[in-house]
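Biologist: I would like to learn how to read a structure, starting with the whole chain and ending at one residue. Can we go through one together?

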Amino acid sequence: MMMMKKMRMTLLACCVLLLAVPGFAKTGKATATVAKQQGSKLDLFAGYSYWAPSATINNHRFRAGNAGFTLSAAYYFNPYLGAQFEATRSQQTSNDGMRAFSGGLIARDPRLVGMIPFAHARIGVAGVTGPNEASTGNNSGYFYNPEHWGVMLTVGGGLDYPTPYLHGHLRLRLFQVDYQYTHVDFGPLLATQGGRANIDAVHLSTGIVYTFNRVHF
């Protein structure tokens, strides 16, 4: 829990720093040229994701999901601020995992040459299945929680790398690091199912970004 609290504070600090980046970027004509070259109106992202939850129900622990994907769309009102929608899916085994849909705000600084840092904060819903595993101790049978939905809060950020491919519309998302908090109520706690989960999780993503209308604001 201490590690998760430190991770939470670190991510929040990163978001504050990323939002403050425009104040440290270059000014003048060169800055305007870079903003015009690297700014975009709509960004579509698709990539691999890894979900690392930290929570237990009845001594059964949620396991990390290393077979996941993330899809997101960000529409920018100006070169720096926009709205974002994201869908993600993480699978641990054939019968347990997590899927989520969320929306919120995203901020970036497109004026830095060779990189585009961003930070975002979203709220949404998550469908969580599990933990599903054989019971131990005084319990009997198999502990199994079918999918239930709950509230998810996300805050984090990342770094995009512009490339010259596809006429400059293709970017690489070098990394996206998010802290996610999810609350799910599986019902009354029984020997083989139920319970409430307050899940602290780190969600990592990487992939490609395709941009539209790079020079129009």
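**From the chain to Thr88**

Modeller: Begin with the order of elements: from the N terminus on, the protein chain runs α-α-β-β-β-β-β-β-β-β-β-β-β-β. That comes to two helices and twelve strands. Keep in mind that this is a predicted model.

Biologist: How many residues does the protein chain have, and what share of them count as buried?

Modeller: There are 217 residues, and 46% count as buried. As for the surface, the accessible area of the protein chain is about 10800 Å², with 66% of this belonging to carbon and sulfur atoms.

Biologist: What share of contacts join residues at least 24 apart?

Modeller: Take the contacts between residues at least 6 apart in sequence; in the protein chain, 66% of these join residues at least 24 apart. Thr88 and Ser49 give a pair to look at: they are 39 residues apart in sequence, while their C-alpha atoms are 7.9 Å apart in space.

Biologist: Where is Thr88 found? And is Thr88 buried or exposed?

Modeller: Thr88 is in strand E5, which covers residues 81–93. A residue is called buried when its relative accessible area is under 20%. Thr88 has 6%, so it is buried.

Biologist: Which residues does Thr88 touch?

Modeller: Leaving out residues up to four places away in sequence, Thr88 touches Ser49, Phe69, Thr70, Met98, Arg99, Ala100 and His203.

Biologist: Which side chains make polar contacts with the side chain of Thr88?

Modeller: The side chain of Thr70 does, at 3.2 Å. The side chain of His203 also makes a polar contact with that of Thr88, at 3.1 Å.

How values were computed: Residues numbered from 1 in each chain as written. Predicted model: local features only at pLDDT ≥ 70, side-chain atom pairs only at ≥ 80, totals over all residues. Heavy atoms only, no water. Helix = DSSP H or I, 4+ residues; strand = E, 2+ residues; numbered from the N terminus. Buried < 20%, exposed > 50% of the residue type's maximum accessible area, 1.4 Å probe, protein only. Contact = heavy atoms within 4.5 Å. Polar contact = N/O pair within 3.5 Å; in protein donor to acceptor, adjacent residues only side chain to side chain. Areas by Shrake-Rupley, 256 points an atom, 1.4 Å probe, with all protein chains shown as cover.
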